[in-house]
Amino acid sequence: MVYKTKGTCSQAINVEAENGVITFVQFTGGCAGNTEGISKLVVGMKVDDVIQKLEGTPCGMRPTSCPDQLARALKQLKAEQA
């Protein structure tokens, strides 16, 4: 699934999960090192665990961030797979 981000430097997140476990994450745009690091860290983790850890993470004065947008993408993916 491709999730169009809002309020961040990244423009989109391509995310895949199987049986409640994240199998692939790739950000389009954003801070390359940070988004690549987040992607590597969450692959293999349970969707619900990542949502719980990342949801609500701000970026400076912004009320959202790339990690928060990933949590939102995962929530949408979870709803679509239900």
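Reader: Is Asn-19 buried or exposed?

Author: This is a predicted model, where local features need pLDDT of at least 70, side-chain atom pairs count only at pLDDT 80 or more, and totals for chains, interfaces and linings use all residues. Residues are numbered from 1 along each chain as its sequence is written, and side-chain values use heavy atoms, with hydrogens and water left out. Buried means under 20% relative accessible area, exposed over 50%, partly exposed in between (1.4 Å probe, protein chains only). Asn-19 has 76% relative accessibility, so this residue counts as exposed.

Reader: What is the phi of Asn-19?

Author: Asn-19 sits in the loop between β2 and β3. Strands (E, at least two residues) and helices (H or I, at least four) are DSSP runs, numbered from the N terminus. Most residues other than glycine have a negative phi. Asn-19 has a positive one, near 55 degrees.

Reader: Which strands stand at the edges of the sheet?

Author: The open sheet has three strands in the order β1-β2-β3, with antiparallel pairing. Two strands pair if DSSP finds at least two bridges between them. Each edge strand has a single partner, so one side is left without a neighbour in the sheet. They are β1 (2-4) and β3 (21-29).
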